[in-house]
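Please report on the salt bridges, the helix packing and some individual residues of this chain. Keep it brisk.

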Amino acid sequence: MRPTEIRDLFDRDLREHARPDGPGVRVERAGPLVRQVGGPDDWNGVVWSDPRLDAEGADAAIAAQVAHWGALGHEEFEWKLYSHDGPADLGERLRAAGFVPEAAETLLVAPVEALAPVRGAEPPEGIDLLPVTDAAGVDLMVLAHERAFGTDAGRLRHQVLTRLERAPDEVVALVAMAGGEPVSSARMELYPGTDFCGLWGGGTVAAWRGRGLYRTLVAHRARIAADKGFRFLQVDASAMSAPILVRLGFTALATTTPYVYRAGR
């Protein structure tokens, strides 16, 4: 498949016909948009907009979403904007309505079969990869995440715990241990009924970067995706991760920018 065909498949299966990304949340069609709505610790936001959305329709849709989440009492939600979404000035319209853009990421996709050479990668010496299956494992995963990124991972804890308890077949979570300490973690979201799995959260503490841990975590998840019959791996990659993934065989399809609305800002 050509990259544009894969992107169209991604837009159709994971955006226009999005499924809830975890138990306790719902996906709604709201006129020209598709949004996910959950509790305050879930991801809330717009995942897709109709390609035919014009300037007048965009302004009305933006206002409707601000009103919707305000009525629910949510302090913030996100509009996930892709570089090929229309109208061309949608980002400017979101900013004018009070949304603030965060760092852009690159949408990268790789056919699982193209990652066959990578799937043989083994952990660096001194590293044990542990599957995360319970609350104790989630705590280790969260600690590695917080040490790697320097941010609070309370929301991540809630999301992974909920998924493991209610839909364990739809998530793969891993933590890399060095001498009893968590030094890296990552997860994979499985999207039943589609060709895609999503790679999320790969992060390594500073002292262990540059030793192949990120590659190992990608390889381990790629093996699982292949065994389960999925065709593509998808990543919203940071500027740090994107070059590594391209070297491993991923192709850039678009950029995606989270536009965040916070009440009262």
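K80 and D236 form a salt bridge, with their closest N and O atoms 3.0 Å apart. A salt bridge here is a side-chain nitrogen of Lys or Arg within 4 Å of a carboxyl oxygen of Asp or Glu. K80 lies in strand β4 (residues 76-82) and D236 in strand β11 (residues 232-237), so the pair ties together parts that are 156 residues apart in sequence. Both K80 and D236 are buried. Buried means under 20% relative accessible area, exposed means over 50%, and partly exposed is in between (1.4 Å probe, protein chains only).

This is a predicted model: local features need pLDDT of at least 70, side-chain atom pairs count only at pLDDT 80 or more, and totals for chains, interfaces and linings use all residues. Residues are numbered from 1 along each chain as its sequence is written, and side-chain values use heavy atoms, with hydrogens and water left out. Helices (H or I, at least four residues) and strands (E, at least two) are DSSP runs, numbered from the N terminus.

## Other salt bridges

The count comes to 17 salt bridges. One of them joins the side chains of D59 and R93, at 2.8 Å from N to O. D59 sits in helix α2 (residues 55-72) and R93 in helix α3 (residues 90-96), so this pair links distant parts of the chain, 34 residues apart. D59 is partly exposed, at 37% relative accessibility.

E102 and R262 also meet through their side chains in a salt bridge, at 3.6 Å from N to O. E102 is in the loop between β5 (100-101) and β6 (105-111), while R262 is in strand β12 (residues 251-262). The two residues are 160 apart in the chain. Both ends have computed accessibilities: E102 is partly exposed at 39%, and R262 is partly exposed at 31%. Elsewhere, D11, R15 and D85 belong to one network, joined by salt bridges that share partners.

## Packing of α4 and α5

Two packed helices are described by the angle between their axes and the distance between the axes. Helix α4 (residues 135-149) packs with helix α5 (residues 154-166) at an angle of about 150°, and their axes are 10 Å apart. That makes α4 roughly antiparallel to α5. Angles under 35 degrees count as roughly parallel, over 145 as roughly antiparallel, 65 to 115 as roughly perpendicular and the rest as oblique. Axes are lines fitted to C-alpha atoms, for helices over the stretch in contact, and angles run from 0 to 180 degrees between N-to-C directions. The crossing of α4 past α5 is right-handed; in that case the near helix is turned clockwise from the far one by less than a right angle.

On the α4 side, the contact residues are A135, V138, D139, M141, V142, H145 and E146. They meet G154, L156, R157, V160, L161 and L164 in α5. Contact means heavy atoms within 4.5 Å. By class, this contact has eight nonpolar, two polar and three charged residues. Ala, Val, Leu, Ile, Met, Phe, Trp, Tyr, Cys and Pro count as nonpolar, Asp, Glu, Lys and Arg as charged, and the others, Gly among them, as polar.

H145 is in helix α4 and counts as buried at 15% relative accessibility. Leaving aside residues up to four places away in sequence, H145 touches G150, T151, A153, L156, S185 and G201. The C-alpha atoms of H145 and L217 are separated by 14 Å, and the two residues are 72 apart along the chain.

T162 is in helix α5. At 12% relative accessibility, T162 is buried. T162 touches P23 and A167, again not counting residues up to four places away in sequence.

L108 is in strand β6 and is buried, at 0% relative accessibility. Beyond residues up to four places away in sequence, its contacts include L233, V235, A242, F250 and A252. L108 and G98 are ten residues apart along the chain, with 29 Å between their C-alpha atoms.

V66 is found in helix α2. V66 touches F77, F99 and Y261, not counting residues up to four places away in sequence. V66 and F77 are eleven residues apart in sequence and 8.6 Å apart from C-alpha to C-alpha.

Most peptide bonds are trans. G86 and P87 are joined by a cis peptide bond, with omega about -5°. P87 is in the loop between β4 and α3.
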